[in-house]
Structure formats: structure tokens, C-alpha cells
Amino acid sequence: MKSRFIRYAIALTVSLAFASPGLAGEWKEAKSEKYGFSMSVPKGTILKAKEWKGGWGGLHANFLGVRLFGIAHLGKKHTAKEIETFGVLVTGIGPKHWKKIDEGRDKNGWEWFKTWKAVRGKLVVLGAYGVGPKGSYLLVLKTSLKSFNRDKAAYMKWYESLRVM
């Protein structure tokens with residue numbers, strides 16, 4: 001019995017050590033009709049509902065070192081500055097660390113959007129915010145710098161998966 005437990009523990013440890021949530025084939029689409037967004041998440045991620053102050057609500061998860069947030073303020077179209085201010089509260093990273101990746105209009109359901117990346121210490125945060133059909137949105141992915149550097153292409157594809165509806 002003891003040796004079977006030890007073999008199980010070793011197998012589990014080895015599988016977790018080699019688990020890589022950043023691999024492109026290891027992701028799935030997560031969709032929220034209620035909040036009006038979809039994004040890729042590592043396979044096995046379980047999103048949970050959460051309400052934030054000021055009328056913001058959405059889904060969040062922490063799976064194998066990848067933290068995800070899909071947050072909307074339904075019925076209200078905020079300015080970029082208002083969403084950025086809320087984004088600082090969610091991420092804990094000030095706007096001086098946010099580097100713009102892209103921005104645009106009329107794409108993937110967004111009326112307008114901005115995407116950004118922030119690096120602070122050993123943490124990388126990717127994000128998108130803007131306005132769409134149901135209101136204002138903030139979509140965020142946090143991971144370690146090590147994980148980001150190992151699977152950069154897969155993490156950057158996360159941006160392409162973001163949709164609002």
C-alpha cells in the first residue's frame with residue numbers, strides 16, 4: 001500500500017513538473033454569455049464568478065500559475081482612463097508599467113480596445129480593455145516571467161482569442 005502511494009506521488013509530481021499551461025495545444029475557449037466575453041484559458045481551468053466594487057463583475061481563475069480575469073461592467077461604457085484605473089486595482093500594477101501592444105476599433109466585437117503588457121519583477125501581466133456590446137471590459141492574464149519566456153508565442157496568442165459579444 002505504501003509503495004503504491006509513493007509511486008502515485010512520484011507520478012503526480014513528475015506530471016505536474018512537466019505540465020505547461022502555456023502550450024498552444026493545452027488551451028480551450030471559455031465563454032461567458034452573462035458577461036459577454038470569451039477567451040482562451042489553459043485546459044483544466046475552472047472559472048469562478050466574482051463581483052468587484054463599482055458594479056464590475058465577471059470570472060476569475062488560478063490554474064497552474066496562470067491567473068485569469070474576465071471582468072465586465074454591464075450597461076456602462078467607461079472611458080479608457082476609467083477602465084485603466086480599475087485595471088490597476090485588479091492587477092496591482094501601476095500604469096507606468098503598462099506597455100501598449102495594440103489598439104483598434106470594430107474588431108472581435110469591440111467598439112474600441114487597447115491591449116497591453118506589464119512586467120514587474122518576476123510577474124508578467126497581459127491585458128485588454130475597452131467597450132463592447134454589453135458595456136466595458138477588462139480581460140487579464142497573469143503568469144510568471146519564467147513561464148512567459150518559455151511559452152511566449154502561446155501567451156501572445158491569448159490576445160487573439162479575446163472576444164466580446
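These legends accompany close-up views of a predicted model.

**View 1**

**View 1. Strand 9 and its two partners.**
Strand 9 (residues 135-144) runs antiparallel to strand 5 (residues 66-74), and eight bridges join the two. Ile71 has Leu138 as its bridge partner in strand 9. Phe69 stands opposite Val140 of strand 9. Strand 8 also pairs with strand 9 in the antiparallel sense, over ten bridges. Here the bridge partner of Ala128 is Leu139 in strand 9. A hairpin through two residues joins strand 8 to strand 9. Strand 9 is mostly covered, with nine of its ten residues buried. In a regular strand, side chains alternate between the two faces of the sheet.

Ser136 lies in strand 9. Is Ser136 buried or exposed? Its relative accessible area is 0%, so Ser136 counts as buried. A polar atom of the Ser136 side chain lies 2.7 Å from the backbone oxygen of Lys76. Setting aside neighbours within four places in sequence, Ser136 is in contact with Trp56, Ile71, Ala72, His73, Lys76, Lys77, His78, Ile83, Gly130 and Val131. Phe113 gives a further reference point: from C-alpha to C-alpha, Ser136 and Phe113 are 9.8 Å apart in space. In sequence they are 23 residues apart.

**View 2. Thr91 in helix 2.**
Thr91 has its place in helix 2. Its relative accessible area is 4%, so Thr91 is buried. The side chain of Thr91 has a polar atom 2.9 Å from the backbone oxygen of Gly87. Which residues are in contact with Thr91, leaving aside its neighbours within four places in sequence? They are Trp98, Trp116, Val125, Val140 and Lys142.

Six bridges join strand 1 to strand 2, and the two run antiparallel. The bridge partner of Ser32 in strand 2 is Phe37. Strand 1 and strand 2 form a hairpin with four residues between them. Gly36, in the turn, has a positive phi of about 75°. On the other pairing, two bridges join strand 2 (residues 37-42) to strand 10, again antiparallel. Phe37 stands opposite Val164 in strand 10.

**View 3. Aromatic pairs around Tyr155.**
The whole structure holds ten aromatic pairs. One of them joins Trp27 and Tyr155, whose ring centres are 5.9 Å apart. Their planes stand at 90°, so the pair is edge-to-face. This pair links distant parts of the chain: Trp27 is in strand 1 and Tyr155 in helix 4, 128 residues apart. Both Trp27 and Tyr155 are buried. Tyr155 also forms an aromatic pair with Phe148, and this one is stacked. Those rings lie 6.0 Å centre to centre, with 25° between the planes. How much relative accessible area does Tyr155 have? The value is 0%, so Tyr155 is buried. Phe148 counts as buried too, at 1% relative accessibility.

Note on methods. Residues numbered from 1 in each chain as written. Predicted model: local features only at pLDDT ≥ 70, side-chain atom pairs only at ≥ 80, totals over all residues. Heavy atoms only, no water. Pairing = 2+ DSSP bridges. Buried < 20%, exposed > 50% of the residue type's maximum accessible area, 1.4 Å probe, protein only. Polar contact = N/O pair within 3.5 Å; in protein donor to acceptor, adjacent residues only side chain to side chain. Contact = heavy atoms within 4.5 Å. Phe/Tyr/Trp six-rings, centres within 6.5 Å; stacked < 30°, edge-to-face > 60°.
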